[in-house]
Every structure is written in C-alpha cells, then in structure tokens.
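Have the viewer open as you read along.

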Amino acid sequence: MPHSSSSAPRGRVVRLARGASPWLLPTVATAAVSLTRARRSGRWAALAVPSTALAAGMLWFFRDPEREIAQGRVISPADGVVQSIMPWKDGRTRVAIFMSPLNVHVNRAPMAGTVTSVEHVPGGFVPAFNKESENNERVVWHFDTELGDIEMVQIAGAVARRIVPYVPQGTKVEQGERIGLIRFGSRVDVYLPEGVEAAVEVGQATTAGVTRLDRD
C-alpha cells in the first residue's frame, strides 16, 4: 500500500495527538486564567509559573509530528528504546520498546494490513520498564498482513491510565498509519513472525514509522 497519508509534507508540521483533550484542555485553561489575572493578584502570579510550565509540558508530551514513513517489512510502532528482544515459545520474536514521558506517544501500524482484533485487557499500572508490567493494562492488536498475523501490544505504565485506540477491528491500515495513543510512560511490544530476524538491538533508539525492526 502507498504511504501517502502518513508521509510528511514540505516543512515541519507538528499537530496534537487525538485523545489529548481530557488532560490538555484543563491545564491550558488554568494557565491562561492565571496569566490573565497575575498582574492583579500575587496568588495568581504564584500559580501562573507552575501552571504555564505544566501546560507547556502537556503540549510537548501530546505532540504528534508528521513522519516520512520508511521502507521495510516491519517498522517500529513506537518512539522509544528497545528494552528486550526475546524468542517466544511459538517461534516468534518479541521486540519490546520502552517509551519514556519524553517520547511521542502516538503509535503507528508496523505493517500494512487489516486490523483483525483490538482487545482491551484490564491490569495493573507498575512502571513499564519493570518485569511485572507483563500484567499491566494493555490493548492487544492483531493485523492480517503479507507476513500473516502480526501481534502488537500497547502496555500502560505507572502513570498511563488510558490507552486510546484510533481505529476499530476491520479497518484497513497503511504501514506507519496512526492507530492509537498511550498517555504518559508506557511500552509497546511487536511480535515478529517465525523466521523473521530482528534488525534492532537492546538499547537502540527507535522512531515510530521510521526504524525498521526486521532484517532481510
């Protein structure tokens, strides 16, 4: 499939992620009110600094930059750092990507195909870099692709309490298309099919839609 809808236009374009409103709007509104009233009240002036800093932080966290989608069979669905690469019992290889609060948290489709399943699994909220995060809240995705079934798992972290899928089951997606958001620190796992070797290493930084995960 072509990558036209996810490719970057000329110049840098950064938009805000869908699903940011419940967190972003109250902080921006508080900052705007405190700045407006700061000249007339010391109390509001004291509030203006932290509220403006928080609003700026929220704007940075919920950024959603355009990307020039890379070529390759399987590309990274997340910005972050490769936390582990593990062979699975069924022959697949799990590539786990840790996303810090400083990363872009919009996730993208690792391959072109059809979304065959989007399942929300309740769970805990321990830090995503902790082994116990295996039991955290998650959304499990399955894609029907040219390589067969591809599984991707969005895992909530200690702060993240909401995973926001953008597309429902049955949707045809392009490689690199935006498919969901995890609010705050979290993890994304991709299961490479049997016979597909990982091209990344533990500790390597990844960029959603850009970093290739598999090797020819």
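## Strand β6 and its sheet

Strand β6, covering residues 113-121, runs antiparallel to β10 and is joined to β10 by two bridges. One of the residues involved is Gly113, whose bridge partner in β10 is Val173. Two strands count as paired if DSSP finds at least two bridges between them.

Zooming out, the order β10-β6-β7-β8-β12-β4-β3-β13 describes an open sheet of eight strands with antiparallel pairing. At its edges stand β10 (172-173) and β13 (205-206), each with a single partner strand, so one side of each has no neighbour in the sheet.

## About the model

This is a predicted model: local features need pLDDT of at least 70 and side-chain atom pairs pLDDT 80 or more, while totals for chains, interfaces and linings use all residues. Residues are numbered from 1 along each chain as its sequence is written, and side-chain values use heavy atoms, leaving out hydrogens and water.

The protein chain has two helices and 13 strands; these are DSSP runs numbered from the N terminus, helices being H or I of at least four residues and strands E of at least two. Of its 216 residues, 47% count as buried. Buried means under 20% relative accessible area, exposed over 50%, and partly exposed in between, with a 1.4 Å probe and protein chains only.

## The nonpolar core

A nonpolar core is a set of buried Ala, Val, Leu, Ile, Met, Phe, Trp, Tyr and Cys residues joined through side-chain atoms within 4.5 Å. The largest one holds 34 residues, and Trp141, Phe143, Ile179 and Leu192 touch the most other members. Among the elements giving two or more residues to this core are β4 (93-99), β7 (138-145) and β8 (148-156).

Leaving aside residues up to four places away in sequence, Phe143 touches, among others, Val115, Ile150, Met152, Val173 and Ile179; a contact means heavy atoms within 4.5 Å.

## Salt bridges

There are 11 salt bridges in the structure, each a side-chain nitrogen of Lys or Arg within 4 Å of a carboxyl oxygen of Asp or Glu. One of them joins Glu66 and Arg178 at 3.4 Å, N to O. This pair links distant parts of the chain, 112 residues apart: Glu66 lies in the loop between β2 (63-65) and β3 (80-87), and Arg178 in strand β11. Arg178 is buried, at 11% relative accessible area.

Arg187 and Asp189 form another, with their closest N and O atoms 2.8 Å apart. Arg187 is buried at 2% relative accessibility, and Asp189 is buried at 1%.
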